[in-house]
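Here are a few quick notes to read alongside the model.

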Amino acid sequence: MSAAPSAPAIGAAPSSLTATGLRLAYDDRVIVDGLDFAVPAGELTVIIGPNACGKSTLLKALARTLEPSAGQVSLDGKPLSSYRSKDIAKRLGMLPQSPIAPEAITVRDLVGRGRFPHQGVFRQWSVSDEAACDRAMESTGVAELADRQVAELSGGQRQRAWIAMALAQETELLLLDEPTTFLDIAHQYEVLELAARLHREGRTLVVVLHDLNQAARYATHLVVMKEGAIVAQGAPGEIVTAQLVDEVFGLPCQIIDDPQSHTPMVVPLAAVAR
Amino acid sequence: MSAEGSRPGIAPDAALSSTATRRPVVRVGSWLSLPYRRRSVVVGGILAVGVLLLALLTLTLGTLGIPLTELPAAIASPKPGRTEFVLNVLRGPRLVTAIGTGAALGVAGALFQTVTRNPLGSPDVIGLGAGASAGAACFGLLLPGILPVPAGALVGALVAMGLVWLGTGRGFSSPGRMILVGIAVSAMAVAFVQYVMTRVNQQEATTLAAYISGTLADRDWGDATEIWVAVIVLVPFALLLGRRLDLVEMGDDVADSLGGRSSLTRTLVVLVAIGLGTAAVAATGPISFVALTAPQVARRLAKAPGAGILLSALFGAVILMAADLLVQQSPFGAQLPVGLLTAMVGGVYLGYLLLREWKKGTI
């Protein structure tokens, strides 16, 4: 029971989260149809695409917060629906785009709620719960803010507190839905650096992002979506081309080498040059 | 702003120091560990003392009051006579019913407000009280003799909840729809009550009016037993659901990905809240605003997140006991429906709440 490792994924068996024949719809509106996707183990996968391409919808299905109307998502070859809900939550964490911070909650209490899948009616706050929360807050740099109310924090601090909550869950797989939205630019990079570090420490991450250059810089595996289908996937350096960007986003551009990270960098063509 | 390859993970403003206080935990070996909050324990203790004090005042005040010195003997070995009559008939059952009903309403309100993420959420908002009134009107006056009035109220409340369930198209899993359909069901129930009022004579209408504003007058041990059975069965269930309910508070996506099963949790929580609400209605008729105010005040006292189920129960009991004590000692006499008083005070509170929400820009 308490065999939860302190650094979850290092040396752990690669998790295999796969989606096959996925059809995703909100009521009658079909967003994704017939999609197959396997989350590559040990990678930092970034999903990108224009608005309403179904990237967040796909992430929700992978995190089982959206029930597919056809097809299925499996973990280790078994459909998610065959697991106990709490058992999945010990292996697969997800931070949605706009979670709601309860009134009057402190950072410590918020992070503590991430321990739910490891708790029971009688074991509501074990020593390992305490330790996991401390590690999660330390790792995201919110330990100093533990007793502050979440509502008082800046946008960047708040986002790190939420990521700490997802980390406290101690899952080898972590899904983040547009974690940089609503943040100013410095805090965006702070969150992305945090994601990169979590990946280096051995977790498998899937992150939905809006910004192509950020995606190309931080992804070790890039997935490009358009109109509910995956158009291209692979290492950013291999798949990001001017033709792809024009085709998917309708943006004529030039691809240059990012002088800092040596990843592809999209530079839109000046209006006169179009 | 240059985008450097590596940058520190901590923003400069995060370096503010604060005292790292951990939550105290009760531990027994490794199998039992329950965290608690000191402030909540203190508030709960004060409220419990309040319940005790109000109970003593209820039994001892006034010309019919049992003198404090005689009270222990009267409870331990009741002898037939005036004291026994006051304890067993006049005030005892009324007091015990008030505590149970107040607690039930407090918990029902706490559950509803958390599940709908709305401080105005309460069983009344989705038509429970109005349905109960319609049931009482129907079986008390329109079709007398088929069911006793409290049973009629129970049927009315359950029919109203059934209509809300059907009307949302999603059962009790969508709070927004629940409130909208509840308003419609309430309106229909009120219309029905008014129709009945026009069909009966004035004296019958007055009796009905007293019942449907909720009263603790003339309660017997049957009423007290009924509400306490509901409290003892349903409140532990509410406490068990409480941890999952805390997760639902953070949004369905978060709850689901933590294994909290938001849809199922919400349905169960609403069912428990309706169970407590209908039990309260059956015991006393629809007493308004206790369910609305108790959890709000309890939350503010505790300054903690979460539904605050136990504190809401205690505070609900305190509100109803205090209101009923006022009614019993008022010059208008003990027959005045206590629901009128809670509605009056609650109306003022509701106005304050709306004003505050309006200033915050949330409505």
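How many residues does α13(B) have, and how far does α13(B) reach from its first C-alpha to its last?

1. This is a predicted model, so keep that in mind throughout. As for the question, α13(B) has 21 residues and reaches 30 Å, close to the 30 Å expected at 1.5 Å a residue. Of those 21 residues, 15 are buried, so α13(B) is largely enclosed by the rest of the structure.

2. Now for the partner helix. The axis of α13(B), residues 309-329, comes within 9 Å of the axis of α14(B), residues 338-360, and the two cross at roughly 120°. That angle makes α13(B) oblique to α14(B). As for handedness, the crossing is right-handed.

3. On the α13(B) side of this contact you'll find Leu320(B), Ala323(B), Asp324(B), Leu326(B) and Val327(B), which meet Val338(B), Leu341(B) and Thr342(B) of α14(B). Sorted by class, that comes to six nonpolar residues, one polar and one charged.

4. Just after α12(B), Lys303(B) takes a positive phi of about 50°.

5. Burial in α12(B) is worth a look too. The buried residues include Val290(B), Ala291(B), Leu292(B), Pro295(B) and Gln296(B), along with Ala298(B) and Ala302(B). What covers the buried residues of α12(B) includes α1 (38-60), α4 (92-116), α13 and α14 of chain B.

Terms used:
Residues are numbered from 1 along each chain as its sequence is written. Chains are lettered from A and ligands numbered from 1 in the order in which they are written. This is a predicted model: local features need pLDDT of at least 70, side-chain atom pairs count only at pLDDT 80 or more; totals for chains, interfaces and linings use all residues. Side-chain values use heavy atoms; hydrogens and water are left out. Axes are lines fitted to C-alpha atoms, for helices over the stretch in contact, and angles run from 0 to 180 degrees between N-to-C directions. Helices (H or I, at least four residues) and strands (E, at least two) are DSSP runs, numbered from the N terminus. Angles under 35 degrees count as roughly parallel, over 145 as roughly antiparallel, 65 to 115 as roughly perpendicular and the rest as oblique. A crossing is left-handed if the near helix is turned anticlockwise from the far one by less than a right angle, and right-handed if clockwise. Contact means heavy atoms within 4.5 Å. Ala, Val, Leu, Ile, Met, Phe, Trp, Tyr, Cys and Pro count as nonpolar, Asp, Glu, Lys and Arg as charged, and the others, Gly among them, as polar. Buried means under 20% relative accessible area, exposed over 50%, partly exposed in between (1.4 Å probe, protein chains only). The expected span of a helix is 1.5 Å times one less than its number of residues.
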